[in-house]
Amino acid sequence: HPKRSEAFLQASLAGWQYALTHVEETIQLILQLPGVKERGITADHLRYEASQVQPLIQQNLIELGHVNIGRWQRMAKAYYALGIIKHENSNEQLRPIENFLFTPNQQNQRWLDTLIVLAISVGLISVLVLLWNRQLRLVVKKRTLELENEVLNHRNTSNSLQESEATLNTVIKNIPFDLMVYDTEGRCVLQNQTSIDTWGNLFDRDHGDMKVSKGIVQHWHDNFQRSIAGKTIHEEVGYDIKGKSYTFANTNAPIFDEQQLRGAISIHIDITEQKQSQEFLEREIEFSELTMDSLPGIFFLFSQEGEFLRWNKNLEERTGYRMNEIAKAHPLDFFSHDDSSMMERTINRVFEMGQAQIEMDVLNKEGGKNPYFLTGVKINIYGKSCLVGSGIDISERRNAERAMRNSEKRFRG
């Protein structure tokens, strides 16, 4: 009865389709069937079964009620091989499985099989495409992250370079001396503000185009030529700028980058005030030495430890000691052993009381001695306590006193 079978088939498929699309209603109908609740079956159990059945049916890929003949054929062969299916005649082959299954429309079945194969093929291709797209997205994402990191690193490096350049420019701008940098052609490529204030704006000019005194520019050019030849020059030179004389300490040196010559740097430090102060100090020292040497007696300056710091030429001439000998000597070396104790007490009194004076014989290098009236005053110099003193040769006074005593002695005798 093919029509009855087809009707039964269509009714069963309609029932399944309705159950799959009306899950809750179907669950309630099942629960009303005899013996269902008695077996402990609940609505949650049925909902769970429905949630598991739908993925197994795969209605979006396989038509509901479809039967794969090849699968039934493989199952029959497996049962036959296991002895589950037996024939009276062992040589008899399995009958075609098609006669066992109801197929109302063979043509539709073949089309359905073809569509299933195509669907599976398309599904596999889709899966492959999805996997390839996923892999491609992973590669693109990885490369994108790498590019983002490279951009970030480049940005950080760029920011660091900008900060370093800004710091360097600030340092160059505020250094208190002239700085100029030249390329290998002698063109000024960097000049700080101090140099601009002194010489004017020389940027992007060579020596022949600088509005500076010809003599000064020629001197700069000569030093530049020596610098790019690999030499470093240190010098003190005087310049006349706007009617005033200045003294500069100049340094000119080549600039190398990995042993390749890039140009030259020129630094001019204005030392006019230092030079004037030095010359003034030298004149003061010379005046002091002339003053000390013009004193009628001896002059000396020594520390509390007994180190001679200054003395005049009279001390050298009267004692016969040379300059290097006095520098190594101790003040007590100029007095006899008998007088050294008293002289030591007198020196200590100067450092304790501030001043002292005494008449004492001063020894010379040959062993002779002359009487001196010695005075000493405590001063603080070079950051330490010192004694500055002088001595007047009183030999003539001693001789006059001796002559007077002899004359009185003869007169009374």
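Select helix α1 (residues 2-21) together with helix α2 (residues 23-31), whose axes come within 5 Å and cross at roughly 110°; the two helices are therefore roughly perpendicular to each other, a label that covers angles of 65 to 115 degrees, with those under 35 degrees counted as roughly parallel, those over 145 as roughly antiparallel and the rest as oblique. Axes here are lines fitted to C-alpha atoms, for helices over the stretch in contact, and angles run from 0 to 180 degrees between N-to-C directions. Helices (H or I, at least four residues) and strands (E, at least two) are DSSP runs, numbered from the N terminus. Showing side chains, you will find the contact made by Tyr18, Ala19, Leu20 and Thr21 of α1 with Val23, Glu25 and Thr26 of α2, where contact means heavy atoms within 4.5 Å.

The model is predicted, so that local features need pLDDT of at least 70 and side-chain atom pairs count only at pLDDT 80 or more, while totals for chains, interfaces and linings use all residues. Residues are numbered from 1 along each chain as its sequence is written, and side-chain values use heavy atoms, with hydrogens and water left out.

Next, select the open sheet of five strands that has the order β2-β1-β5-β4-β3 and antiparallel pairing, two strands being paired if DSSP finds at least two bridges between them. Its edge strands, each of which pairs on one side only, are β2 (188-191) and β3. Neighbouring strands of this sheet are turned by 25° against each other on average, with direction ignored.

Most residues other than glycine have a negative phi. Glutamate 258 is exposed, with a relative accessible area of 77%; exposed means over 50% relative accessible area, buried under 20% and partly exposed in between, for a 1.4 Å probe and protein chains only. Then go to the loop between β3 and β4, which holds lysine 242. Lysine 242 also has a positive phi, of about 55°, although it is not a glycine, and is exposed with a relative accessible area of 78%.

Which residues of α7 are buried? They are Ile216, Val217, Trp220, Asn223, Phe224 and Ser227, and they cover an arc of only 125° around the axis, which puts them on the same side of α7, the arc being that of the directions from the helix axis to the C-beta atoms. The face turned away from that buried side carries the exposed residues Lys214 and Gly215.

With the sheet still displayed, trace what the buried residues of α7 pack against: β1 (178-183), α6 (193-199), β3 (233-241), β4 (244-257) and β5 (260-270). The helix α7 lies across β1, β3, β4 and β5, and runs at about 165° to β3. Helix α8 (residues 272-294) also packs on the sheet, touching β3, β4 and β5, and its direction makes about 125° with that of β4. Just after α7, look for glycine 230, which takes a positive phi of about 100°.

Finally, select another open sheet of five strands, with the order β7-β6-β10-β9-β8 and antiparallel pairing. Here the edge strands are β7 (308-311) and β8 (355-363), each pairing on one side only, and the twist averages 25° from one strand to the next. Nine bridges join β8 to strand β9 (residues 369-381), and these two run antiparallel. To end the tour, pick out aspartate 361, whose bridge partner in β9 is proline 371.
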